[in-house]
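Have the picture open while you read.

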Amino acid sequence: MKFSEMPYERVDLEQLLSDIRNITEGFQTAGSAEEQISWIHKMDEMMGKVQTMERLAYIRYTINTQDPFYAAEQEHNSQTSPLIEEAMQPYYRAIVESPYRAELEQKIGKMLFVRHEFALKGFSPEITKLVQEENLLTAEYQALMGSAQIPFDGKVLNIAQMGQYTVSPDREVRKQAFEAMGRYYDSKQKELDEIFDKLVKNRTEQAKRLGYDSYVDLAYIRRERCYTVEDVRNFRKQVLEDLVPVNCRLKEAQAKRIGVDHICFYDDAYSFPDGNATPQGTPEELLAAAKEMYTEMSPETAEFIQAMFDMDLFDVLAKPGKTTGGYCDSLPVYKCPFIFANFNGTSGDVEVLTHEAGHAFASYVSSREVPYLDLHWPT
């Protein structure tokens, strides 16, 4: 089945919440580790369907933030997902407190329990409304970025499409491109500042209600990090002491190489006097080259890339209404990933495709070989 043919249906929230409670109760009253594992599989099957619907809506929304149907569905799902997370809390607690945990860890491994412990630390019913508000704010930001229309070079371009001009061999073109994007951001300064201000206050309040000093502590939990704030503070110190001096020398060499007195903001990504490396061929030819590469790499990657093309699991061209960036997501029901990108004729096209294909291959394999939904993606 091709991605465009995958049916979307809004999740019946009341039925889902009831089913979550029933499965949680079944897990709690199970008389053995094996019986509890069977309940985990029941929850995974149900949540796999839920996640597939949510991700279909999200992917289709980010491809076109101006699509009224999926914009409405994304807003609806952003409000229901915290309610689902709230309903899952007793299930997570039942797993981590299972009297058969030692046996379960031998059969499943410890990571499932670590992830559920993080989920319990990073959420509680008292922040449900705050998470709903946070989701709306992030969607508002995506829509704002997706709606960008920047007049330049006789065209009207979005942010991703401006990328090729920001690395033009003509320094004046690079400068004008950044100034054009700057004018767009200036025109949206009030909206951007309001979103940022509300997000900072919202996330700080979430952290405080959960008993943390700041959102930094909560963010580390939600990222499921095994390293600490102190570890990162030490890393930043090493960057300042060891990497910044090296980078300064590299930038001095770059300035000399491209023939400027000093590196300005609009020179930063421009590396060579005859122009940066660019993809050779059309986007279609670039995808074909990627397909050939993964086909030759191994039987496993050949199977993966063929499925990606057979099911049209890419949307990589920058276009009006599409939000910025790139990502890989997964569709559990179909045991397949999806790659989202914004090709703009720069070397970033190759980089993002290869990067996201790495995630996609991992997702493709894990969905077939890892029997537990919550272990399909690394932390």
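Which helix is Ser-367 found in? Ser-367 sits in helix H13. A quick word before we go on: this is a predicted model, in which local features need pLDDT of at least 70, side-chain atom pairs count only at pLDDT 80 or more, and totals for chains, interfaces and linings use all residues. Residues are numbered from 1 along each chain as its sequence is written, and side-chain values use heavy atoms, with hydrogens and water left out. Helices (H or I, at least four residues) and strands (E, at least two) are DSSP runs, numbered from the N terminus.

**Around Ser-367**

Is Ser-367 buried or exposed? Its relative accessibility is 11%, so Ser-367 counts as buried. The scale goes like this: buried is under 20% relative accessible area, exposed is over 50%, and partly exposed is in between (1.4 Å probe, protein chains only). If you skip residues up to four places away in sequence, Ser-367 touches Lys-335 and His-376; contact here means heavy atoms within 4.5 Å.

Ser-367 also has polar partners. Its side chain makes a polar contact of 3.1 Å with the side chain of Arg-368, and one of its side-chain polar atoms lies 3.4 Å from the backbone oxygen of Lys-335. A polar contact is a pair of N or O atoms within 3.5 Å; within protein, one must be able to donate a hydrogen and the other to accept it, and residues adjacent in sequence count only if both atoms are side-chain atoms.

Now hop over to Lys-335. You'll find Lys-335 in the loop between strand S4 (327–331) and strand S5 (336–343). Lys-335 is partly exposed, with a relative accessible area of 40%. Its phi is near 50°, a positive value in a residue other than glycine.

Asp-312 has a positive phi too, of about 55°, although it is not a glycine. Asp-312 lies in the loop between H12 and strand S3 (314–317), and with a relative accessible area of 37% it is partly exposed.

Past the end of H13 comes Pro-371, in the segment after that helix. Leaving aside neighbours within four places in sequence, Pro-371 is in contact with His-41 and Asp-44. Pro-371 and Gln-36 are 335 residues apart along the chain, yet their C-alpha atoms are separated by 14 Å.

**Helices side by side**

How do H12 and H13 meet? The axes of helix H12 (residues 299–310) and helix H13 (residues 348–369) come within 10 Å and cross at roughly 100°. That makes H12 roughly perpendicular to H13. On the H12 side, the residues making the contact include Phe-304 and Met-308, and on the H13 side they include Phe-361 and Arg-368. The residues of this contact divide into seven nonpolar, one polar and three charged.

Helix H1 (residues 13–29) and helix H3 (residues 68–96) make another pair, packing at an angle of about 5° with axes 9 Å apart. H1 and H3 are therefore roughly parallel to each other. Their contact has 13 nonpolar, three polar and no charged residues.

Angles under 35 degrees count as roughly parallel, over 145 as roughly antiparallel, 65 to 115 as roughly perpendicular and the rest as oblique. As for the classes, Ala, Val, Leu, Ile, Met, Phe, Trp, Tyr, Cys and Pro are nonpolar, Asp, Glu, Lys and Arg are charged, and the others, Gly among them, are polar.

**Salt bridges**

A salt bridge is a side-chain nitrogen of Lys or Arg within 4 Å of a carboxyl oxygen of Asp or Glu. How many salt bridges does that rule give? The count comes to 20, and here are some of them.

| Lys or Arg | Asp or Glu | N to O distance |
|---|---|---|
| Arg-101 | Glu-105 | 2.8 Å |
| Lys-201 | Asp-197 | 3.0 Å |
| Lys-322 | Asp-315 | 2.6 Å |

Lys-322 and Asp-315 are both buried. Salt bridges that share partners join Arg-101, Glu-105 and Glu-117 into one network. Arg-101 and Glu-105 lie four residues apart in helix H4 (residues 101–108), about one turn of the helix.

Lys-201 and Asp-197 are separated by about one helical turn because they are four residues apart in helix H8 (residues 189–209). Lys-201 is exposed, at 55% relative accessible area, while Asp-197 is partly exposed, at 36%.

Key
Axes are lines fitted to C-alpha atoms, for helices over the stretch in contact, and angles run from 0 to 180 degrees between N-to-C directions.
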